[in-house]
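Take a look at the structure below.

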Amino acid sequence: MISENLKKEFEALLGEKNVMSDEVTRMNYAYDAAVLDPVMPALVLRPDSSEQLGSAIRLCGENGIPVTVRGAGTNLSGGTIPFKNGVVILTNAMNKIIEINEADMYAIVQPGVVTADFAAAVAAKGLFYPPDPGSQKVSTLAGNVAENAGGLRGLKYGVTKDYLMGIDFFDAEGNLVKTGSKTVKCVTGYNVGGLMVASEGTLGIFNEITLKLVPPPSASKSMMAVYDSVADATESVAAIIAAKIVPCTLEFMDNFTIRAVEDYAKAGLPTEAQALLLIEVDGHAGQVADDAAKVEEICKKHNATRIQVAKDEEEKNKVWEARRAALSALAKLKPTLVLEDATVPRSKIPEMVRGLDTVAAKYGLSIGTFGHAGDGNLHPTILCDRRNEKEWHKVETAIEDIFDLALKLGGTLSGEHGIGIAKAGFMAREVGEKSLTYFHKIKQAVDPKGILNPGKVIGD
């Protein structure tokens with residue numbers, strides 16, 4: 001437990017209002033969006049400057065106190081669940097956009113900047129920041145880097161790592177480490193920034209992040225393809241990619257999800273459809289017209305019963321907002337929702353969807369499937385009641401089957417949600433014991449006391 005004297009030292013560094021030890025506050029930060037048991041921290045700290053952040057980490061390091069950094073807590077794999085009697089450091093007070101450089105197309109931000117706010121500020125300058133995780137209205141940019149967050153536009157534009165130019169971060173002793181640059185090219189030193197991506201707070205704590213910006217597309221076209229068969233929809237996805245067309249977004253929704261979303265969002269989705277593809281192509285106007293025509297042709301060839309092209313921005317936004325509401329819509333149906341993101345090569349999407357149906361039938365579970373079919377990142381969503389021990393055991397076994405299926409198809413445990421606690425025990429299945437040992441050596445080298453988010457990603 002943290003002593004009263006040590007608590008006073010934190011208060012001297014951060015101010016009394018930024019050091020919280022009451023039970024209600026600590027419980028608020030004992031869990032995240034993953035379906036895992038809460039763990040009470042001893043203290044919650046809220047530094048509001050780089051100096052305070054570094055000082056807090058230094059004091060934790062000197063006293064061997066476990067540290068878990070938290071932005072908005074939207075993590076879906078338990079990466080922001082604290083260590084027992086450790087400290088939670090909130091970064092939401094460090095939320096300044098330090099610079100948006102239009103000439104060189106980069107931005108520098110503090111860790112607590114909300115993703116959607118940043119994208120809007122960049123758009124106001126005539127530039128574009130593509131990563132768009134589903135939690136973008138609340139998630140923070142440091143959390144996006146820590147999880148390598150993706151989103152609907154990942155197929156064409158990539159994920160957070162593809163926009164990371166540099167990071168200033170504090171190590172386990174509170175020393176400031178700088179990596180990367182504002183320049184397009186930089187090969188100075190080790191690629192430590194690449195190592196920090198998806199590290200989930202286990203190797204350092206972000207202080208400032210430099211992000212690449214790009215010009216926005218000049219035109220776009222959105223469409224919805226309706227299918228009577230899930231197989232036809234998934235085969236369309238594979239065919240579009242095989243035709244060397246790269247849509248901005250290529251999203252899949254099964255009938256279970258369609259009905260849930262329509263009931264929730266009233267977006268005019270066809271509830272009789274067995275599957276939908278939501279597709280957007282963007283770029284120069286001529287390219288958009290050509291790509292859209294080819295996509296329509298492929299969808300029709302694969303038995304789409306209807307293709308509806310958005311007639312204006314309002315209609316387009318209505319459909320995309322409905323897609324973004326899928327998680328909320330499904331969450332209303334049962335007390336517990338488990339959202340997975342095992343990802344496979346794009347050509348394996350049809351086989352993955354068939355396998356998910358088999359898993360659902362095998363265990364008698366309700367699984368709604370939606371997600372980023374164009375980049376192989378589906379979100380099978382299991383609806384259940386965790387209080388029912390028998391049902392919960394089925395869910396845990398089904399999740400293991402889903403992971404094994406993805407790996408069998410040449411895929412990965414996580415496309416964008418991270419490993420955290422939830423998947424740490426499965427890491428060796430994907431990377432092998434020797435690789436996992438190597439990861440532990442890196443962790444030991446940079447965090448010998450093991451205070452930075454213990455137990456996450458690579459386990460204990």
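## An aromatic cluster

Tyr129 and Tyr163 are both buried. Buried here means under 20% relative accessible area, with exposed over 50% and partly exposed in between, for a 1.4 Å probe and protein chains only. Tyr129 counts as buried because its relative accessible area is 2%. The two rings have centres 5.8 Å apart and planes at 75°, so the pair is edge-to-face. Rings of Phe, Tyr and Trp (its six-membered ring) pair if their centres lie within 6.5 Å; planes under 30 degrees apart are stacked, over 60 edge-to-face, and the rest tilted. Tyr129 lies in the loop between H4 and H5, and Tyr163 in the loop between helix H6 (154-157) and E7, so this pair ties together parts 34 residues apart in sequence. Helices (H or I, at least four residues) and strands (E, at least two) are DSSP runs, numbered from the N terminus.

The structure holds 4 aromatic pairs. Another of them joins Phe118 and Tyr129 edge-to-face, at 5.1 Å centre to centre with 70° between the planes. Phe118 sits in helix H4 (residues 115-124) and Tyr129 in the loop between H4 and helix H5 (141-147), so the pair links parts 11 residues apart in sequence. Phe118 is buried because its relative accessibility is 0%. Together, Phe118, Tyr129 and Tyr163 make one aromatic cluster.

## How to read the model

This is a predicted model: local features need pLDDT of at least 70 and side-chain atom pairs count only at pLDDT 80 or more, while totals for chains, interfaces and linings use all residues. Residues are numbered from 1 along each chain as its sequence is written, and side-chain values use heavy atoms, leaving out hydrogens and water.

## Strands around E9

Lys212 also belongs to a strand: it is the bridge partner, in E9, of Tyr106. Strand E6 (residues 106-109) runs antiparallel to E9, with 4 bridges between them. Two strands pair if DSSP finds at least two bridges between them.

Strand E7 (residues 164-170) is also antiparallel to E9, joined by 6 bridges. Leu164 stands opposite Leu211 in E9. Gly166 has Thr210 as its bridge partner in E9, and it stands opposite Gly180 in E8. How many of the residues of E7 are buried? The count is 7 of its 7. Strand E8 (residues 176-180) runs antiparallel to E7, with 5 bridges. The hairpin of E7 and E8 has 5 residues between the strands, and there Gly174 takes a positive phi near 85°.

## An open sheet

Which strands make the open sheet, and in what order? The order is E1-E2-E4-E3, and the pairing is mixed. Strand E1 (19-20) and strand E3 (67-70) are the edges, each pairing on one side only. Strand E2 (residues 43-45) runs parallel to strand E4 (residues 87-90), and 3 bridges join them. Leu45 has Ile89 as its bridge partner in E4.

## The annotated region

UniProt, in an unreviewed entry, lists residues 36-216 as "domain: FAD-binding PCMH-type". UniProt positions follow the numbering used here, feature names are shortened, and annotations may be inferred rather than shown by experiment. Over residues 36-216 the chain is 22% helix and 22% strand. The end C-alpha atoms of this stretch are 39 Å apart.

The largest nonpolar core has 57 residues, and Leu277, Cys299 and Met352 have the most contacts inside it. Such a core is a set of buried Ala, Val, Leu, Ile, Met, Phe, Trp, Tyr and Cys residues joined through side-chain atoms within 4.5 Å. Elements that give two or more residues to this core include strand E10 (219-227), helix H10 (285-301) and helix H14 (389-408). H14 gives the most, with 8 residues.

Leaving aside neighbours within four places in sequence, Cys299 is in contact (heavy atoms within 4.5 Å) with residues including Ala225, Tyr227, Ile240 and Ile307. A second, separate core has 27 residues, among them Val109, Leu203, Ile209 and Val214.
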